[in-house]
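Biologist: I am new to this one. Please put the model up, and I will ask as we go.

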Amino acid sequence: MPTEDELRLEVENVDLRRLLAQAGIDAADQRVAERLQRLVLEELHHRVQNTLAIVMAITSQSLRTAKSLNDAKEAIEHRLLALGRVHDLLLQSNWTSAKLAAIVKAATDPFDRDNNSRFIVQSSNIDVSPGAVLPLAMVLNELCTNAVKYGALSNATGRVEITSTIDDSQKIFRLKWAESGDPKLR
């Protein structure tokens with residue numbers, strides 16, 4: 001028959017083994033959490049680096065093609081705001097994709113002053129991969145900017161029609177931009 005001290009030691013050992021097991025699980029969980037945090041930080045770093053490269057390209061292009069410092073400032077502001085809208089879209093889907101209709105809307109809304117419906121959009125509501133969202137949105141932003149400066153949106157009556165089609169058999173996506181009411185076409 002075990003003595004009182006032996007029983008007490010046995011109970012303490014059981015408690016100690018339980019605590020060590022718990023500590024082992026906690027230590028493993030902490031290591032997993034630290035690895036996950038490191039992975040997230042590395043991904044964030046990568047995205048920040050990419051974004052900074054885009055900002056540098058936007059700035060360089062804007063300064064190179066501007067007629068004045070004020071024009072450059074305005075171009076940089078518009079392009080950076082467009083970049084921000086794209087990041088908002090991607091954030092809503094955890095950077096997995098964005099709907100084409102949402103991309104078109106985000107690009108055209110700032111140019112559709114007073115909701116005059118200057119844009120007629122007929123779009124396939126497809127998912128666009130995150131790698132294609134940014135270039136597509138920036139191209140649409142440039143088209144809008146040019147339409148405001150030189151094309152259909154440079155007057156009160158001009159319109160832009162944006163149509164997208166998909167040819168599944170040939171794996172082709174087409175986006176058509178057509179301006180009407182352009183003062184230069186009269």
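Biologist: What share of the contacts in the protein chain with a separation of 6 or more comes from residues 24 or more positions apart?

Modeller: A word on the source: this is a predicted model, where local features need pLDDT of at least 70, side-chain atom pairs count only at pLDDT 80 or more, and totals for chains, interfaces and linings use all residues. Residues are numbered from 1 along each chain as its sequence is written, and side-chain values use heavy atoms, with hydrogens and water left out. Contact means heavy atoms within 4.5 Å. Among contacts with a separation of 6 or more, the share from residues 24 or more positions apart is 65%.

Biologist: In what order do the elements of the protein chain run from the N terminus?

Modeller: Helices (H or I, at least four residues) and strands (E, at least two) are DSSP runs, numbered from the N terminus. The protein chain has 4 helices and 5 strands. Their order is α-α-β-α-β-β-α-β-β.

Biologist: Why is the protein chain more spread out than a compact globule?

Modeller: The radius of gyration is taken over C-alpha atoms, and the globule rule is 2.2 Å times the number of residues to the power 0.38. The C-alpha atoms fill a box of roughly 110 × 45 × 35 Å along the principal axes. For 186 residues the rule gives 16 Å, so the chain counts as more spread out, its radius being well over that value at 28 Å.

Biologist: How many of the 186 residues count as buried, in percent?

Modeller: Buried means under 20% relative accessible area, exposed over 50%, and partly exposed in between (1.4 Å probe, protein chains only). By that cut-off, the buried part of the 186 residues is 25%.

Biologist: What is the bridge partner of Ile 162 in E5?

Modeller: Ile 162 sits in E4 and is the bridge partner of Val 121. E4 and E5 form a hairpin with 4 residues between them, and Lys 171 in the turn has a positive phi of about 55°. Across in E5, the partner of Ile 162 is Trp 177.

Biologist: Is Thr 108 buried or exposed?

Modeller: Thr 108 is found in helix H3 (residues 100-108). Leaving out residues up to four places away in sequence, Thr 108 touches Phe 119, Cys 144 and Ile 162. Its relative accessible area is 5%, so Thr 108 is buried.

Biologist: How far apart in space are Ala 98 and Lys 67, C-alpha to C-alpha?

Modeller: Ala 98 is in strand E1 (residues 98-99) and is buried, at 6% relative accessible area. Its contacts, beyond four places in sequence, are Ile 103, Ile 126, Asp 127, Val 128 and Val 133. Lys 67 is 31 residues from Ala 98 in sequence, and the distance in space is 35 Å.

Biologist: What is the relative accessibility of Asn 94?

Modeller: Asn 94 lies in the loop between helix H2 (69-92) and E1. Its phi is near 55°, a positive value in a residue other than glycine. Asn 94 counts as exposed, because its relative accessibility is 65%.

Biologist: And what is the relative accessibility of Trp 95?

Modeller: Trp 95 is found in the loop between H2 and E1. Trp 95 has a positive phi of about 60° although it is not a glycine. Trp 95 counts as partly exposed, at 25%.

Definitions and conventions. Pairing = 2+ DSSP bridges.
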